[in-house]
Structures are given as C-alpha cells and as structure tokens.
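Dear colleague,

I am passing on the structure below, followed by a summary of what came out of looking through it. Please read the notes beside the model itself.

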Amino acid sequence: MHGLINRSIQCFLRDTYGAPVWEAIARQAGVEPSGFEAMLTYDDRLTDLVIDAGAALLRRSRETLLEDLGQYLVSHETLTSLRRLLRFSGLNFVDFVNSLEELPARGRLVLPNLDMPELELCELGPGQFTLRCAAPLQGVGHILVGLLRAMADDYGALVMLECLGVEGGAEVVSIQIADQALYEARPFNLGMAV
Amino acid sequence: MAKPVVSVLMSLPKSGLDKLMPLHVVVDPDGTITSYGPTLAKLLAGRSLIGHALFGAFDLRRPAGLTTMKALQARQGERLQMTLRGAARTMAFRGLAQGLGDGGMVLNLSFGIGVAEAVTAHALTDTDFAPTDLAVEMLYLVEAKTAAMGALRGLAQRLEDDKQMAEHQALTDTLTGLRNRRALTQTLKSLTLAQTPFALLHMDLDYFKAVNDTLGHAAGDHVLKVVAGVLGAQTRRQDTVARVGGDEFVAVFPGMAETSQLEITAQRIIENISQPIEMEGKTCQISASIGIALSTDYANPDPDRMQTDADEALYASKRAGRGRARVFHPTGQDWRRA
C-alpha cells in the first residue's frame, strides 16, 4: 500500500486520539512508533493490521473508524491540501459527485503508483446516485462515506449517505443529495494560498 | 463538386461565444476591436478596448511582422504569441486567429503555461474558464505537485538527519563520547593526504584493571568517563581524541611539531589522571603512560608506522616505571624522557 495512505491513517489516529494511543496501536500492529513515510510503499497487510488494532484498542467497529478517517482526511485543519485538491473536481457538490469517476486518474496523475479504488458512478434520478468502489482495502466504502460527508459540508450541501454493502466484489455507497446549496460553501480560490 | 461547409459561428449569439471562448476578441476588417469575451473584460479591470485597433491594444510578438490585418490573415490557424499593452504587469497569451466571412477575424486566447500566475494575479475562478478548458486541471496539478514535492523534501530531510546521526554514532565511542578507532583512522588518513604535520599521542591507563577487579565495571566505566573529560580539557578543539581499546586512548594534534609543547601537554594529562577519583564514597587512584610520535620525524609519515612507534614509546614508559611519557625518534632510537 502507498505510504501516503498508511501515513494518513497514522495521522488520523494520532491527531484524533493522541500520540500515546497511536503508539499503542502501532505496537500491537507491529509497526515502528515513528510510523509510515508518505513517499514509500509498504506491505498491504500492514494497513489492515493497523486498522484492526485501532478498532480493537478503541473498542470501535472497523466501519465507524474508517468513516471517521474519511471525514478527517477532508476536514482536519492540518490537512488542508486534500480538501483543496478535491475542490478542483467540481463547482458544486453535484458537479463534484459527477466527476468522482475521475478521482483515481487524478490521484495517479500526481503519484503514479498510488493505490486508488476504482469508482463507478450510476445516476438513478435527480440527485440520486450509487457509487461502486472496488479496492483491496476492506471497508473502503466507509472511508468514502466519511469523505463525501465532509465534502458535502464543504460545498454546503445537504446529503444522505449510506453503505449498502458488497455487491459483485465492489462496495456500494448510496448518495442522495437533498439540497446541493443549503448552506454557504467554504471559500475556495483557484490560486494557491501563499 | 461538394459545396464548402459554411460556418454557423456568425449566427451564434455573443453569449454563446462568451461561453465557448471566454478569452476571445472579435475585430472588423479594419482591425478594430468590436467585442471580446468576459474573462478578457475581467483582466482589463474596467478599461475598454472597444473601438481600439487590435495591433495597438496587443503586441503580436510571434510570428514576426504581424502588424496588419493582411499579415494576420496570412497566418490564420497558426499559434500566436501576444501580450496585452498597457497592463500593469506583463500579460502574455497564446492565441489563434481565424477569418470571419465579412473579412473580420476572431482571436481565441489562452494563458498557456502562465495560467497559475494569471489566476492568482487576477483572482480568476472556475467560471472564468470554459468547462472544456484544462486550465483548472493544470492548477490542480501545480498544487498537487507542490504537495508531493513537499512530502518528498520532508522525507529527504529525515533521511539526511538519520544518516548524519548514523555517521555520528559510527564514529563515536558510546561510553565516553570520544571518537572511536574508525574516526581516528579517517583523521589520520586525511592529515597524511593533506601532508599536515601532526603529533600522535598514545596513552594507556595504569592500575585500571585493579579498579575493575575490586570496585566493579560500573566504577571502571566511571573512571573511563573521567579520563575522557581530562583528555577533552587538555586538548584543543581541532585535536582528535579517541578511545581505541578498553583503557587505551589516542590523541592526534594537527600542526604540532614542538616536542617541548607536547611533553608539557602529556605531563599535564598524566598529573590530572593521577588525581584520586571519588566514587560512591570510595576512592580510586590510577595513572597513565604515554608514547608520542611526531610526523615531522619521518620522511614519509605513515599512520600505521607512527602508531606502532608511539606504542613502542608507550611501553618504554611502562617499563620505566609508569606514570610518564616518552617521545619516539625513528633515527636514533634514543628514548627521551618527558
């Protein structure tokens, strides 16, 4: 697994639950407390070991932990870059959802060896979508639910998100957009903040 | 013969043209600007170009010689490089001109490679670009690349710190914090290569084994640290002091060729080491024997040979009753007592 993903999980656990909790999780998973380097590649099994150790130590289900991870990736103050990069995908939340299938290609444009889930979007009706995600990481759908929820907040949209389970090897997420501009969106300038 | 396909562009309302090409300029057959797109209007910040001559408002820099409508028509379909005149800062565009049926022309512009700077300078948004334009993707890439480079720089820095730490550890004696044999070898090699004169002082502790045997290894370690402190205090910043064995030390003094000065230093080291050392209510007393070799005594100084000779002088000191220093002289073999 790409170090960037492992590193994100590490930062999520450390920033949310504190350094001692991260260190305990790392010990249990057999990972150095210094953790992962964002630009190196690690054995896929380590990612699962860390998530399972985290869920066990924090007495939380793997699903809710992964959903919190997805939300953290976009909304945590130390990680403004991912939120910005995602905002480049669309003018509003509907636009953003419609460009979700481009996400893996966008990721690989920058990091060619990044493991990104393959995404397939299906529009069922106005504001009604299902998103199928196939990835080696079990529970990837829950990460996406957390991430989409945080992005909806960012765009000021009111949405309902749900994991519908696994179907044909892919995790299926239901997206229902009730109002794509209920609140004011967080500001986003195309130019980089200097 | 097939009829030529007639463009429907002229029947397109201006609002449609604005959506397709927000950075366009339309000129009449005389080269006078008759309309332009909304993004160009935004860049002009209130200034109007309507009624101005195209070649006055813009500097068409490449291809060369584009100063008349006739010349521009001859170059239609080619890539143009042009800048907006009278702008506060250089505004460069890439352009493409196509003739209209009435003898006028339409030019479509883009920022080209300078898009990121233009967006920041003029606070442009998604809506200032056509949805087919890859400008926003270019901005995405610039930002993603910056983030990835930042992460790589962080990694490179951490690796460099680790490397320096590892190198430092590889050259340090962990007990005393002095240099180790590896560091000593490096120092001697570079001094020899640079042909810098130097003195080599080889020291062995006297009665140290007794401390270890009677008071234990912790006491022995304490004594070694005290000795390291003495050597540090009695040498200069540019000197190298290494522990090369259990109770063996070597000091290297670059630029030292004065026997008398070395003898004084050696005597001071012995005096200080011979002071009683207190430890957990017990006192132990050691001393030191020293042998010295000077690179200036050799036609071709060889570090290994000098270490052997300093060692020989050291054992002569031991045989002579310990607690003293001797300087080795390769020619006469006469021991000079310090």
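In chain B, L201(B) stands opposite I292(B) in strand β12(B), and I292(B) in turn stands opposite V327(B) in β13(B). The model is predicted, so local features need pLDDT of at least 70 and side-chain atom pairs count only at pLDDT 80 or more, whereas totals for chains, interfaces and linings use all residues. Residues are numbered from 1 along each chain as its sequence is written, chains are lettered from A and ligands numbered from 1 in the order in which they are written, and side-chain values use heavy atoms, with hydrogens and water left out.

To return to the strands (DSSP runs of E with at least two residues, helices being runs of H or I with at least four, both numbered from the N terminus), β7 (residues 198-206) of chain B is joined to β12(B) by eight bridges and runs antiparallel to it, while three bridges join β12(B) to the parallel strand β13 (residues 325-327) of chain B; strands pair if DSSP finds at least two bridges between them. Eight of the eight residues of β12 (residues 287-294) are buried, so the strand is largely enclosed by the rest of the structure, where buried means under 20% relative accessible area, computed with a 1.4 Å probe on protein chains only. One side of β12(B) carries S287(B), S289(B), G291(B) and A293(B), the other A288(B), I290(B), I292(B) and L294(B), and both faces are covered.

Turning to the rings, there are 11 aromatic pairs over all chains, a pair being rings of Phe, Tyr or Trp (its six-membered ring) with centres within 6.5 Å, counted as stacked with planes under 30 degrees apart, edge-to-face over 60 and tilted for the rest. The rings of F88(A) and F188(A) have centres 5.2 Å apart and planes at 85 degrees, so this pair is edge-to-face. F88(A) lies in the loop between α5 (80-87) and α6 (93-98) of chain A and F188(A) in the segment after β4 (170-179), so the pair ties together parts that are 100 residues apart in sequence. F88(A) counts as buried at 3% relative accessibility, and F188(A) also counts as buried, at 17%. In chain B, one aromatic cluster is formed by F58(B), F93(B), F111(B) and F129(B).

As for the two chains together, the contact (heavy atoms within 4.5 Å) takes 15 residues from chain A and 22 residues from chain B.

With best regards

Definitions and conventions: Buried means under 20% relative accessible area, exposed over 50%, partly exposed in between (1.4 Å probe, protein chains only).
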